[in-house]
Amino acid sequence: MRKRRSMASMTLDHPNLSLQISKEHQKSRVLIEEIDGLIRVYKDGYVERSHILPSVSCTVAPELCLTSRDVVIDKYTNIWVRCYIPKGQGSNKFPLLVYFHGGGFCVGSASWICYHEFLTKLSSKLNCLIMSVNYRLAPENRLPAQYDDGFKAILWLKEQALTRANEWFSSKCNFSNIFLAGDSAGANIAYNLAARLAGHEALNLKPLDFKGTILIQPFFGGESRTQSEKNTANSTKSALTLAASDTYWRLSLPIGTNRDHPWCNPTSKYGASLKDLNLFPTLVCISEMDILKDRNLEFCSALVSGGKKVEHFVYKGVGHAFQILNKSQLSQVRTEELICHIKNFISR
């Protein structure tokens with residue numbers, strides 16, 4: 001009797017047949033989470049991210065009078081930074097912004113063209129050095145991985161200050177004048193990193209000296225809905241919808257937790273009291289048409305109630321991420337206002 005060849009031992013040499021089976025395998029995947037045009041997550045753990053924005057090299061236009069370099073700071077987790085350094089100023093050194101990009105913890109990159117263009121402009125206008133951190137993404141790496149990556153970036157800074165291993169960076173950086181900054185999820189990282197540094201770990205970071213935190217439309221949440229979440233849930237003037245926000249949190253928070261987790265909701269009863277945290281002076285930049293507006297205002301009020309130094313500005317007529325995604329004349333005016341407020345904050 002002829003032996004039947006097992007399916008496991010069969011080889012497929014015909015390219016068209018292999019392609020057909022690959023497509024069938026793709027169809028068989030079960031989609032469990034999706035943000036249209038940005039990310040798809042399947043039950044088997046496979047993640048698809050759309051290339052909605054191009055990534056660019058660290059090349060900078062000559063008229064901006066900057067140099068830029070990409071540096072890997074952890075080859076095992078592939079954490080890298082893009083540094084923007086103003087030219088000139090002789091032996092004087094520049095203040096440093098450690099910047100974290102947005103994207104709901106799930107998408108985005110320090111090499112995205114929108115961040116490259118915004119941060120080159122910011123570095124040039126503020127006359128400051130910027131280190132933009134490219135951290136690991138969820139859901140493959142859920143929180144607190146992003147906070148841990150931010151802390152690794154700080155440890156790399158400490159190494160530069162002590163060893164001067166990268167002279168092109170250390171010779172221009174004022175390590176006693178550092179600010180944590182970010183937008184959206186990046187602002188969440190900056191805040192939670194500031195809260196971590198405000199504890200015992202800050203004692204081990206000398207000679208680094210942190211002067212403040214700059215939060216642009218910080219990505220916070222909560223189980224109960226605010227008025228701005230209800231009223232601007234699907235605003236055409238904002239890049240962030242309520243549905244997308246909820247999905248980002250499901251994909252990034254530790255499994256089994258909800259939006260009242262203190263990493264999401266810093267004013268939650270489950271987190272540390274803000275008055276007990278030795279936070280740096282904080283600047284909060286809020287968009288009027290953003291679903292996060294009310295939550296950002298509540299956060300500012302909680303900081304004030306906790307005795308913290310905080311100032312905030314609300315940018316009229318613009319939505320979430322206007323400074324990087326919207327090229328309208330109004331957004332450009334508001335971006336100039338934003339940059340002016342940041343410049344005043346770091347110049348004190």
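Which strands does helix H5 lie across? Helix H5, residues 185-197, lies across strands E6 (94-100), E8 (173-183) and E9 (210-216). H5 runs at about 130° to E8. Angles run from 0 to 180 degrees between N-to-C directions, with axes fitted to C-alpha atoms, for helices over the stretch in contact. Contact means heavy atoms within 4.5 Å. Helices (H or I, at least four residues) and strands (E, at least two) are DSSP runs, numbered from the N terminus.

Some ground rules. This is a predicted model: local features need pLDDT of at least 70, side-chain atom pairs count only at pLDDT 80 or more, and totals for chains, interfaces and linings use all residues. Residues are numbered from 1 along each chain as its sequence is written, and side-chain values use heavy atoms, with hydrogens and water left out.

Now the sheet. It is open, with eight strands in the order E4-E5-E7-E6-E8-E9-E10-E11 and mixed pairing. Strands E4 (66-74) and E11 (310-315) are at the edges with a single partner strand each, so one side of each is left without a neighbour in the sheet. Two strands pair if DSSP finds at least two bridges between them. E5 (79-86) and E7 (129-134) pair in the antiparallel sense, over five bridges. There, cysteine 83 has methionine 131 of E7 as its bridge partner.

Last, isoleucine 214. Its contacts include Leu97, Leu180 and Phe345, not counting residues up to four places away in sequence.
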